[in-house]
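Colleague: Hi! I have a few minutes before group meeting, so please walk me through this model.

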Amino acid sequence: MAEKEIDPYTQSLLGRIVSMTQEIDNLRAAYMIVNERLNNLTALTEYNVKEILEEAARVEDFAKLAVDASKLTEESAIVTKNNLLIDAAKKSTLAACTVHHLAIELRATKLANIKKGLSP
């Protein structure tokens, strides 16, 4: 039985099919690499977002503790009836309250920026 020869047009079509099949395989491999990198980046971003929010919460908590401590200092100063000490304690409480409010704003701003960055 004699082999049939493939005409040049059919040979050209087969060559294109083989070439396109190779290109599809290359694109599939590239997609897998890009997909893996995106998944890794997403995981890293989620970790960083969580870390940023936890840090902002800790700053806020520490600022609140500073407010509480300065209020106790102010109460103790009042007991001493020393006006200089009372004034200093009140200024300390005011400063601690200011820092606490800034920490609350920082946390809210970070959260808003993160939400804004995640929305399309």
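Modeller: Happy to. One term before we start: a residue is buried under 20% relative accessible area, exposed over 50%, and partly exposed in between, using a 1.4 Å probe and protein chains only. This is a predicted model, where local features need pLDDT of at least 70 and side-chain atom pairs count only at pLDDT 80 or more, while totals for chains, interfaces and linings use all residues. Residues are numbered from 1 along each chain as its sequence is written, and side-chain values use heavy atoms, leaving out hydrogens and water.

Colleague: Good. How many helices and strands are there in the protein?

Modeller: There are two helices and zero strands. The radius of gyration is 34 Å, well over the 14 Å that the globule rule gives for 120 residues, so the protein is more spread out than a compact globule. That radius is taken over C-alpha atoms, and the rule is 2.2 Å times the number of residues to the power 0.38.

Colleague: What does the C-alpha trace span along its principal axes?

Modeller: About 120 × 20 × 15 Å. Buried residues make up 13% of the 120 residues.

Colleague: And what is the accessible surface of the protein?

Modeller: The total comes to about 10,100 Å², and 63% of that belongs to carbon and sulfur atoms. The areas come from the Shrake-Rupley method with a 1.4 Å probe; for residues, only the protein chains shown count as cover.

Colleague: Which residues form a nonpolar patch on the surface?

Modeller: Val34, Leu38, Leu41, Leu44 and Tyr47, with about 490 Å² of accessible area together. Patches take residues with over 30% relative accessible area and no salt bridge, joining nonpolar side chains (Val, Leu, Ile, Met, Phe, Trp, Tyr) within 5 Å and like charges within 9 Å. Leu38 lies in helix 1 and is partly exposed at 46%.

Colleague: Now charges. How many salt bridges does a search of the whole structure find?

Modeller: Five, where a salt bridge is a side-chain nitrogen of Lys or Arg within 4 Å of a carboxyl oxygen of Asp or Glu. One of them joins Glu55 and Arg58, with the closest N and O atoms 2.7 Å apart. Another brings together Lys64 and Asp68 at 3.0 Å, and Lys50 meets Glu54 at 4.0 Å.

Colleague: Why can Lys50 and Glu54 sit side by side, given their places in helix 1?

Modeller: Because they are four residues apart in helix 1, they are separated by about one helical turn. Side chains of opposite charge can pair when their charged atoms come close. Lys64 and Asp68 are also four residues apart in helix 1, while Glu55 and Arg58 are three residues apart, about one turn of the helix.

Colleague: Are those side chains buried or exposed, say Lys50?

Modeller: Lys50 counts as exposed at 52%, whereas Glu54 is partly exposed at 36%. Glu55 is partly exposed at 42%, and so is Arg58 at 37%. Lys64 at 36% and Asp68 at 34% are partly exposed too.

Colleague: Which residue is buried yet has no salt bridge?

Modeller: Glu74 is one; the nearest side chain of opposite charge, Lys90, is 4.8 Å away. Here Lys and Arg count as positive and Asp and Glu as negative, with His and the chain ends not counted. Glu74 sits in helix 1, which covers residues 8–80. Leaving out residues up to four places away in sequence, Glu74 touches Ala89, Lys90 and Thr93, a contact being heavy atoms within 4.5 Å.

Colleague: Last topic, the loop. Where is Lys81?

Modeller: In the loop between helix 1 and helix 2, the latter being 83–118. Lys81 is exposed at 70%, and its phi is near 60 degrees, a positive value in a residue other than glycine. Most residues other than glycine have a negative phi.
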